[in-house]
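Good morning, and thank you for the time on today's agenda. Please have the sequence and the structure in view as I speak.

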Amino acid sequence: MFDDIEKFMKVPDEWAPPETKPYTPGENLQKWLTDEKARDQFVIRAGTDTEVLWNDARQSKPELVYKRSYWTESFVQWSPLGTYLATVHRQGAAVWGGATTFNRLMRYAHPQVKLIDFSPGEKFLVTYSSHEPSNPRDTHRVVINIFDVRTGKVMRDFKGSADEFAIGGTGGVSGISWPVFRWSGGKDDKYFARIGKNVISVYETETFTLIDKKSIKAENVMDFSWSPTDPILALYAPELGGGNQPAKVSLVQIPSKKELRQKNLFSVSECKLYWQSNGDYLAVKVDRYTKTKKSTYTGFELFRIKERDIPIEVLELENKNDKIISFAWEPKGHRFAVIHGDSPRPDVSFYSMRSGTNTVRVSKLTTVKGKQANALYWSPAGRFIILAGLKGFNGQLEFYNVEELETMATAEHFMATDVEWDPTGRYVVTSITSVHEMENGFNVWSFNGKLLYRILKDHFFQFLWRPRPPSFLSPEKEEEIAKNLKKYSKKYEAEDQDVSLQLSEQDREKRKMLKEEWDRWVSEWKRLHEEQKLERQTLRDGEASDEEEEYEAKEVEVEELLDVSEEVISFD
């Protein structure tokens with residue numbers, strides 16, 4: 001090529017060492033974690049403004065970190081470890097971060113992007129868009145890009161019709177279940193997978209190609225889910241041939257594709273997979289047909305993933321015809337909660353995967369009867385749970401201690417639409433987004449149900465706590481801290497004391513200011529009173545005194561004719 005000839009002709013004969021550019025250190029994107037008061041941040045969107053704030057519960061108010069109008073065109077999203085804040089625009093997505101403010105760190109070009117998803121270790125960003133076909137008979141055209149978060153480079157793109165991506169349940173945009181690509185657990189971002197017709201395609205991120213160049217065959221597969229910590233896939237395939245071939249749940253090891261465990265299930269109408277956050281247990285909620293096939297009942301298959309040969313236990317409720325409204329594992333724990341029964345007052349039951357000294361039996365802890373609840377929100381630290389009655393239940397909240405099996409508080413946030421625990425499990429926010437016209441805004445509660453403060457915002461769209469990366473402390477160290485908490489808490493109790501003194505000092509200052517303002521107001525009126533003395537004197541015909549005692553009081557009667565009327569009276 002002529003260009004190449006020109007390029008090589010320009011090469012100098014003398015070698016010169018390349019210029020060394022001075023190293024400029026990047027900003028510390030984790031700076032917010034070093035906050036001396038150990039506060040958490042959150043982002044809110046209201047109207048056209050997006051704000052990042054500190055939750056300053058001691059001062060009973062949020063403290064602004066950064067505010068920007070028109071920062072995003074649809075929504076914002078934190079990355080899973082809280083390093084970046086992603087925004088969505090017509091031309092693509094962008095991520096922001098910094099030590100003290102939010103600077104744009106990278107752009108990802110993807111026109112008309114609708115949805116985004118980070119990998120768990122924040123290395124990759126998946127973006128999705130769907131485009132109207134030129135022929136109305138065709139389905140939407142889907143474009144999915146996977147970017148390297150730091151470099152902004154497209155690692156792999158996937159294009160096709162919406163039908164190709166719509167297998168395995170509906171939801172998301174135009175029948176597509178989002179996220180299309182699901183990431184394996186852990187922080188290494190090694191594998192991602194998608195469901196296809198009778199296959200699960202698992203890709204590795206070294207080369208962004210299929211493992212062993214081929215997909216895993218899984219006949220009639222409907223759903224799959226990664227373990228949150230290990231490269232293990234749980235697959236679900238429904239019944240085939242009118243029940244001749246049973247439904248199947250299987251666990252597959254990646255990258256070997258070896259089947260670790262399989263369970264055949266009969267008379268199944270539907271299955272749902274629930275992983276516990278440490279990947280210790282998998283619960284499969286199984287809806288089965290009764291013999292007449294006219295109704296269904298629900299049971300649970302509980303897999304103990306970390307134990308030898310992965311034993312499975314079957315759990316059925318005492319009244320197996322109870323409808324299951326909600327199920328949730330305790331984060332990092334061995335307990336789970338189930339809301340079951342009929343509205344408007346279903347029951348809530350708590351179970352443990354251990355029973356007394358026997359660690360391999362599931363046991364029921366308690367059932368609390370007749371609760372106005374349809375959603376379960378465990379604290380990220382476990383132990384505490386909120387039994388929430390959202391939507392039809394008008395925002396009923398019950399703060400429950402599962403360790404002591406007792407209610408700590410009941411409250412109501414009328415019309416609340418969302419409940420969000422902060423990543424440390426100290427505070428919880430209930431919010432009313434703009435799906436309701438009235439009372440938009442959010443309430444901040446302590447973990448035990450005390451309302452700390454509330455903020456009202458018109459056109460309130462989004463509230464998201466900033467996630468925290470996992471702790472560097474070993475479980476042993478955390479246990480040691482919990483045991484010697486009194487020793488550590490002295491410092492913080494002293495700080496709390498200082499804060500409450502500071503608050504009472506602030507109160508005193510406030511009262512002092514109000515008194516000074518009052519005194520200023522009184523002296524100002526006294527000054528005006530003096531200035532107008534001469535004027536008053538002339539109005540009183542030269543009477544000098546303002547003192548009331550020097551006056552004489554006289555009573556004077558004044559008669560006044562009010563009305564005269566004439567009337568002719570006849571004498572007979």
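Strand 10 (residues 141-148) and strand 11 run antiparallel and are joined by seven bridges. Strands here are DSSP E runs of at least two residues, and helices are H or I runs of at least four, numbered from the N terminus; two strands pair if DSSP finds at least two bridges between them. Within this pair, V142 stands opposite G160 of strand 11.

Before I continue, a word on the source. This is a predicted model, in which local features need pLDDT of at least 70 and side-chain atom pairs count only at pLDDT 80 or more, while totals for chains, interfaces and linings use all residues. Residues are numbered from 1 along each chain as its sequence is written, and side-chain values use heavy atoms, with hydrogens and water left out.

Why is strand 6 (residues 92-97) largely enclosed by the rest of the structure? Six of its six residues are buried, so the strand is largely enclosed; buried means under 20% relative accessible area, exposed over 50%, and partly exposed in between, with a 1.4 Å probe and protein chains only.

Strand 6 has partners that we can follow in turn. With strand 5 (residues 85-88), strand 6 pairs in the antiparallel sense over four bridges, and the two form a hairpin with three residues between them. In that pair, L85 stands opposite W96. Strand 6 also runs antiparallel to strand 7 (residues 103-109), joined by six bridges, and there A94 stands opposite R107. The hairpin of strand 6 and strand 7 has five residues between the strands, and G98 takes a positive phi near 160 degrees in it.

Finally, the nonpolar core. In soluble globular proteins, nonpolar side chains tend to be buried together. A core here is a set of buried Ala, Val, Leu, Ile, Met, Phe, Trp, Tyr and Cys residues joined through side-chain atoms within 4.5 Å. The largest one has 18 residues, of which L251, L282, V284, F303 and I305 touch the most other members. Strand 18 (232-237), strand 19 (247-253), strand 21 (268-275) and strand 22 (281-289) each supply at least two residues of this core. Strand 21 gives the largest share, four residues.
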